[in-house]
Amino acid sequence: MTLLCLLPALIVSAGADNLTIEPGQWKVTSTTVMNGATAQPAVKGRCLTPEQAGDVAKTFGAVSGTVNSTCEPAASETDGRTLKWHLQCKGQLNLDVLGSFNFDSSTATVASKAWMGGSLMSDVKTELEGERVGACDAAEKPGPDGAGSH
């Protein structure tokens with residue numbers, strides 16, 4: 001199955017007229033609808049380093065890891081303060097994932113559909129809303145992706 005590592009913290013705040021964001025601690029509220037069922041909103045935190053904040057295309061771009069499927073490089077585009085990408089994988093599991101990030105409103109949507117043997121196995125849409133809450137906690141240790149562990 002594809003693992004999208006970016007769902008916990010996809011959101012940024014308004015700033016300059018480019019795709020950079022303010023580093024620091026972010027609170028992200030996500031609401032997921034999976035196969036028609038809405039889950040309770042989840043709130044998570046993430047510490048963004050200055051390096052991550054300066055390269056949002058890399059920080060918030062599509063990330064995949066599949067077994068028995070091959071993914072095309074994600075197609076991405078920017079327009080003003082928005083980033084959109086589209087990831088497709090084919091094989092034992094066919095996957096179609098769309099991400100859309102609006103850096104002015106601190107919102108994002110990630111929608112994915114997965115098929116196996118021609119049957120729809122998963123239809124997931126996650127809406128995210130972010131808020132910068134301050135500087136990163138000095139005691140917080142960056143995780144393997146460079147983000148804080150909260």
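Is Cys-47 buried or exposed? Cys-47 counts as buried, at 11% relative accessibility, where buried means under 20% relative accessible area, exposed over 50% and partly exposed in between (1.4 Å probe, protein chains only). The model is predicted: local features need pLDDT of at least 70, side-chain atom pairs count only at pLDDT 80 or more, and totals for chains, interfaces and linings use all residues. Residues are numbered from 1 along each chain as its sequence is written, and side-chain values use heavy atoms, with hydrogens and water left out.

**Disulfide count and pattern**
- A disulfide is a pair of cysteine sulfur atoms within 2.5 Å, and by this rule there are two disulfides.
- With bonded cysteines counted along the chain, the pattern is 1-4, 2-3.

**Cys-47 and Cys-136**
- Cys-47 is joined to Cys-136 by a disulfide, with an S to S distance of 1.9 Å.
- Cys-47 lies in strand 3 (residues 42–48) and Cys-136 in the segment after strand 9 (119–134), so the pair links distant parts of the chain, 89 residues apart; helices (H or I, at least four residues) and strands (E, at least two) are DSSP runs, numbered from the N terminus.
- The link of Cys-47 and Cys-136 is right-handed, with 105 degrees about the S-S bond.
- Cys-136 counts as partly exposed, at 28% relative accessibility.

**Cys-71 and Cys-89**
- The disulfide of Cys-71 and Cys-89 is right-handed because the torsion about its S-S bond is about 95 degrees.
- Cys-89 is buried, with a relative accessible area of 0%, whereas Cys-71 counts as partly exposed at 24% relative accessibility.
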